[in-house]
Amino acid sequence: MKEHNSYVYIMFNSRNGTLYTGVTNNLIRRVYEHKSKTLEGFTKKYDIDKLGYYEVYTDITDAIQREKQIKGGSRKAKLELIETMNPNWEDLYNELIK
């Protein structure tokens, strides 16, 4: 059986700007959807189009649980997650598509 990954991710519009936390089974596709503004919603409204942080899971249930934990946490905690993986606040999408 093929193993499928799930991802929890945090998007941003500018350094220390507006944040969005989500979960998906295809990180490249989902970030592209945010970037291209193809879906109506929060990220389109606030021009959130940069991937700042992500985690990989083999079980979607674990990913959803982690997404809820991150969403329920403080803004400071979300900023710290981004800073640990991405201290320069670069768009990590560019690394994914290489």
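In this predicted model, the buried residues of helix 3 are A63, R66, E67 and I70. Viewed down the helix axis, these residues fall within an arc of 105 degrees, so they line one face of helix 3. The face turned away from the buried side carries the exposed residues T61, Q65, K68, Q69 and G72. Helix 3 itself covers residues 60–72, and its 13 residues reach 18 Å from the first C-alpha to the last, close to the 18 Å expected at 1.5 Å a residue. At the start of the helix, a side-chain oxygen of D59 comes to within 2.7 Å of the backbone nitrogen of T61. On the buried side, the packing partners of helix 3 are strand 1 (6–12), strand 2 (19–24), strand 3 (50–57) and helix 4 (75–85).

Strand 1, one of these partners, is mostly covered, with seven of its seven residues buried. Both of its faces are covered: S6, V8, I10 and F12 lie on one side, and Y7, Y9 and M11 on the other. Strand 1 pairs with strand 3 in the antiparallel sense over seven bridges, and here Y9 stands opposite Y54 of strand 3. Strand 1 also runs antiparallel to strand 2, to which six bridges join it; in this pairing, M11 has Y20 as its bridge partner. The hairpin of strand 1 and strand 2 has six residues between the strands, and N16 in this hairpin takes a positive phi near 60 degrees.

R66 is among the buried residues of helix 3. Leaving aside residues up to four places away in sequence, E55 touches S6, Y7, V8, R66 and I70.

The nonpolar side chains come next. The largest nonpolar core has twelve residues in all: V8, I10, F12, L19, Y53, Y57, A63, I70, L79, L81, I82 and W89. Strand 1, strand 3, helix 3 and helix 4 are the elements that give two or more residues to this core. Apart from it lies another core, of nine residues, among them Y7, V31, I48 and Y93. L19, a member of the largest core, touches I10, M11, F12, F42, I48, R75, K78, L79, I82 and W89, again without counting residues up to four places away in sequence.

Most residues other than glycine have a negative phi. K37, however, has a positive phi near 60 degrees; K37 lies in the loop between helix 1 (27–36) and helix 2 (42–45). At 22% relative accessibility, K37 counts as partly exposed. D47 likewise is not a glycine and has a positive phi, of about 55 degrees. The loop that holds D47 runs between helix 2 and strand 3, and with 41% relative accessibility D47 counts as partly exposed.

Conventions: Residues are numbered from 1 along each chain as its sequence is written. This is a predicted model: local features need pLDDT of at least 70, side-chain atom pairs count only at pLDDT 80 or more; totals for chains, interfaces and linings use all residues. Side-chain values use heavy atoms; hydrogens and water are left out. Helices (H or I, at least four residues) and strands (E, at least two) are DSSP runs, numbered from the N terminus. The expected span of a helix is 1.5 Å times one less than its number of residues. Buried means under 20% relative accessible area, exposed over 50%, partly exposed in between (1.4 Å probe, protein chains only). The arc is that of the directions from the helix axis to the C-beta atoms. Contact means heavy atoms within 4.5 Å. A polar contact is a pair of N or O atoms within 3.5 Å; within protein, one must be able to donate a hydrogen and the other to accept it, and residues adjacent in sequence count only if both atoms are side-chain atoms. Two strands pair if DSSP finds at least two bridges between them. A nonpolar core is a set of buried Ala, Val, Leu, Ile, Met, Phe, Trp, Tyr and Cys residues joined through side-chain atoms within 4.5 Å.
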